[in-house]
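My notes follow in the order I looked things up.

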Amino acid sequence: MKKIRVDLKERSYDILLGAGIIKSFPSILAERKITRPLVVIADNNFLLKNENAIKEIFREVPNKVYWIKIPGKESSKKLDMYGKIVNEISSKGIMGAPVIIALGGGVTGDLAGFIAATYRRGVPFIQIPTTLLALVDSSVGGKVGIDLEIAKNLLGSFKQPDLVIADINFLKTLPARQIRNGLAEVIKYGVIKNAELFKYLERNVDKILAVDKKALERIVYECVNIKARVVEKDELDKLDIRIILNFGHTFGHAIESASGYGTLYNHGEGVAIGMVMAAHMAVKLGEFNKNDFFRLKDLLEKYGLPTRAKNIEREKMLESYKLDKKFIQGVNRFILPEKIGKVKVVENIPVKLIMETIEEYIGK
Ligand SMILES: O=C(O)C(=O)C[C@@H](O)[C@H](O)[C@H](O)COP(=O)(O)O
Ligand SMILES: [Zn+2]
């Protein structure tokens, strides 16, 4: 088992990473003296495939366990679902503050984390990510929240988990589209911080798409380390350091919102298109060379990710785009690549270039 420490003073925590480590869940709780009741907010799709094994593990813990199942789809990250779950928790007659556990992908983690941040003004929180996207990105760093109709992640908070239990074995039963969803974020890490990781992704496409355990473990380890180090320097996303993790997300989020958070584009797919759009703007601004642009586009395509969006209403996308949390008082701010492995923040990109890019990549 590997242990990655996220050093955030009194909010520091461990990420325990390994194949099959979920089996050690009862001893992990015992070692850490976690005795409070557990409220497990679980993705019902994940449970459908793994319920027996998971329930067997939870039967070995002395804590009282309450289960809440949710559909792990983006459409669950909404106010009505949030209201329903907090009411359900409060009606269970739990004495004292429970520990909230997120057992699922990014949606489950973001929603459960927002509940952990707000229920009783905050209760302990454990992330057990079950998708590649959640393993490499959303389970680490404490961004939690829900979507509003008009834009993604508009209501939220920072709530660092107390522990992350990252079991690579969960990836074995993940549908291919979910693997690709996470791979978009993995490619993002290569572009923003690690050219070697990017090369590794270029050289090992077949292995990675075949969900080779060693390759996936290596990737998850690299990504989590990058994220942990970035978050340590700028936990609250205020110093223009953490912002690099948002590469591809301005257009990506707008694509997700404009497509109704449905099945059309998931988060990774939106981010894949968003990265290509941002990279193309960087080429046009003379900040990024064409060759690297095509390396990025090709790599996304090799992993089966989209690089342009169809069936999106541009007007809807623009409404959501304007609410990007990175923009300051009407000044747009984008993360643009300078080379593979390095990005920078660029402000005030000409509206003409942004509109041209939308015209080129977003359409009916
Ligand atoms: O952790 C971060 O910081 C990120 O930006 C990582 C993103 O991949 C992730 O999708 C995040 O939830 C986006 O947050 P937002 O601030 O753009 O809503
Ligand atoms: Zn993301």
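I set the cut-off before going to the ligand: a polar contact is a pair of N or O atoms within 3.5 Å. I also noted that this is a predicted model.

**Entry 1: ligand 1.** I began with Glu-185. An N or O atom in its side chain is 3.1 Å from an oxygen atom of ligand 1. Lys-188 came next. A polar atom of the Lys-188 side chain is 3.1 Å from a ligand 1 oxygen. Then I checked His-249. Its side chain places an N or O atom 2.9 Å from an oxygen atom of ligand 1.

Which residues come nearest to ligand 1? I found 13 residues around the ligand, and the nearest are Asp-137, Lys-143, Lys-227, Arg-242 and Lys-325.

**Entry 2: α6 and α7.** I moved on to helix α6, residues 176–193, and helix α7, residues 195–203. Their axes are 6 Å apart, and the packing angle is about 140°. α6 is therefore oblique to α7. I recorded the crossing as left-handed.

Which residues meet here? From α6 I listed Val-186, Ile-187, Tyr-189, Gly-190, Val-191 and Lys-193. On the α7 side they meet Ala-195, Leu-197, Phe-198 and Leu-201. I sorted this contact by class and got 8 nonpolar residues, 1 polar and 1 charged.

**Entry 3: α13 and α14.** I then took helix α13, residues 314–321, with helix α14, residues 351–361. The two axes come within 11 Å and cross at roughly 135°. α13 and α14 are therefore oblique to each other. Is the crossing of α13 past α14 left-handed or right-handed? I noted it as right-handed.

On α13 I marked Arg-314, Met-317, Leu-318 and Tyr-321. They meet Ile-354, Met-355, Ile-358 and Glu-359 of α14. The contact splits into 6 nonpolar and 2 charged residues, with no polar ones.

**Entry 4: Ile-34.** Where is Ile-34 found? I located it in the loop between α1 (25–31) and β3 (38–43).

Definitions and conventions
Residues numbered from 1 in each chain as written. Chains lettered and ligands numbered in written order. Predicted model: local features only at pLDDT ≥ 70, side-chain atom pairs only at ≥ 80, totals over all residues. Heavy atoms only, no water. Axes fitted to C-alpha atoms, helices over the stretch in contact; angles between N-to-C directions. Helix = DSSP H or I, 4+ residues; strand = E, 2+ residues; numbered from the N terminus. Parallel < 35°, antiparallel > 145°, perpendicular 65-115°, else oblique. Left-handed = near helix turned anticlockwise from the far one by under 90°. Contact = heavy atoms within 4.5 Å. Nonpolar A, V, L, I, M, F, W, Y, C, P; charged D, E, K, R; others polar. Near = heavy atom within 4 Å. Polar contact = N/O pair within 3.5 Å; in protein donor to acceptor, adjacent residues only side chain to side chain.
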